[in-house]
Amino acid sequence: MALLLAATPALAADYSVTSEKVKALTGPNAPAPMKGPDICGTDLGTMAEIDGKIVLAFGDTFGWNENACIRFGPNWRSNVVAFTSDLDASDGIVIDDWVTDTDGKAVEIAKGAHQDAFKGEQTKIPTAMVTVGDTLYLHYMSVNGFSSMGGVWLCNWSRFISSTDGGKTWSPGPDEFGSFKSSFNMLALSAQPGAGNEDGKYVYAVGTPCGRFAGARVARVAADKLLDTKAWEYFDGSGWVSDRAQAAEVIRPGAGEGSLVWNPGIRLWMYTTLNELSEAIELRFAERPEGPWSAPEVLARGSDYAQAYGAYMTPSWISEDGLSFWFVMSQFGPYNTYVMKATLTPDQ
């Protein structure tokens, strides 16, 4: 079935896209103070919205060396969580608060072991976050080790944690979600009502294995059963099955660090991912979360934004007409995150 799906022509994109950098989100050039929470460098920034706020989860984070911001400096944390009530990204985003210790420094919500690469657990990295009712669910991967080759890493497993107080405290899910070789160790999550999920019954996940060189597959679960690993079902190219091994590849390699949103203005789902093979962040469109997905449009090129990766979207950062949206992008060189603006132009 996966082979049949891969042979199906992709939809026409129907939109071209351009993007531009708006402002730094984190680090020394951010509009919010970063020395107090000790945020010199960080990456990713997957988001979910709850109670009028946006919750952001960042990956490996490093602190200041006194007054100097040195790349990969002290106070390594595997993940940190921030909050903003700033829903207007057109002039940048000001982070209001972080999950902190008593000293005011941002702390891990899922503590990484920080062992040597490939000798246990190097770190725990957030991959996606979603809101269901009054609960936030964050999915993270336990990284066994990052290779010296860019875009290559191995995972031990992945897991959900949840928060019922808006992201301040977190509890682990009962089971591991993915094993070390799972095709769903990195997720893009959405519970938005949209085509194919009109009543918001499901949480959809576009999943990839760890690393950036595989294709993507789609899963879904009843929103009230997200932590029940046996309740998930997988798209096999024609329908939904309970066997994860039957999940069909709906997006060809390479894909990794994805984000999924419903764009009500243009009535299409959007999925972003880094294609390490083309050194570009790509944007695709679909009428349903499982696809078929369009051919990719280049959202941001590595030649324009050196070592760019990640393009995390959130519903409040989409214009009413759907033709503009803002996203969080990382750059490995400066090792920080940035607010970006994308503009869609309908094809003639």
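Predicted model: local features only at pLDDT ≥ 70, side-chain atom pairs only at ≥ 80, totals over all residues.
## Disulfide bonds

Across the whole structure, two disulfides are found. When the bonded cysteines of the chain are numbered in sequence order, the pairing reads 1-2, 3-4.

The link of Cys40 and Cys69 is right-handed, with 95° about the S-S bond. Cys40 has a relative accessible area of 3% and is therefore buried, the limit being under 20%. Cys69, at 31% relative accessibility, counts as partly exposed.

The other disulfide is formed by Cys155 and Cys210, whose sulfur atoms are 1.9 Å apart. Cys155 lies in strand β8 (residues 153-163), while Cys210 lies in the loop between β11 (202-208) and β12 (214-222), so the bond ties together parts that are 55 residues apart in sequence. The link of Cys155 and Cys210 is left-handed, with -95° about the S-S bond. Cys155 counts as buried at 5% relative accessibility, and Cys210 also counts as buried, at 17%.

## A four-stranded sheet

Four strands form an open sheet in the order β2-β3-β4-β5, and their pairing is antiparallel. The edges are held by β2 and β5 (97-98); each has a single partner strand, so one side of each is left without a neighbour in the sheet.

The antiparallel pairing of β2 and β3 extends over six bridges. Within the sheet, Ala48 stands opposite Val55 in β3. In general, strands of a sheet pair through backbone hydrogen bonds, either parallel or antiparallel.

## The largest pocket

The largest pocket has a volume of about 740 Å³. Its lining consists of 30 residues, of which Gly150, Gly151, Arg212, Tyr309 and Phe332 are the closest to the centre of the pocket.

Several strands contribute to this lining: β6 (123-132), β7 (135-146), β17 (268-275) and β20 (308-312) each supply at least two residues. By class, the lining of the largest pocket comprises 15 nonpolar, nine polar and six charged residues.

The whole structure holds two cavities of 30 Å³ or more. The largest cavity has a volume of about 40 Å³. Its lining is made up of Arg159, Phe160, Gly173, Pro174, Asp175, Phe177, Leu226, Leu227 and Thr229. The elements that give two or more residues to this lining are β8 and β9 (171-178), and the largest share, four residues, comes from β9. The lining of the largest cavity has five nonpolar, two polar and two charged residues.

The second largest cavity has a volume of about 30 Å³. Leu44, Ile125, Pro126, Thr127, Met141, Met186, Glu257 and Tyr312 line this second cavity. Strand β6 gives the most to the lining of the second largest cavity, with three residues. By class, the lining of the second largest cavity has six nonpolar residues, one polar and one charged.

Strand β6 supplies at least two residues to the lining of the largest pocket and three to that of the second largest cavity.

Methods: Residues numbered from 1 in each chain as written. Heavy atoms only, no water. Disulfide = S-S within 2.5 Å. Buried < 20%, exposed > 50% of the residue type's maximum accessible area, 1.4 Å probe, protein only. 1 Å grid on protein atoms, 1.4 Å probe; cavity = no way out; pocket = protein on both sides within 12 Å on 5 of 7 lines; lining within 4 Å. Points joined across faces, edges and corners; volume = space filled by probe spheres on them. Nonpolar A, V, L, I, M, F, W, Y, C, P; charged D, E, K, R; others polar. Pairing = 2+ DSSP bridges.
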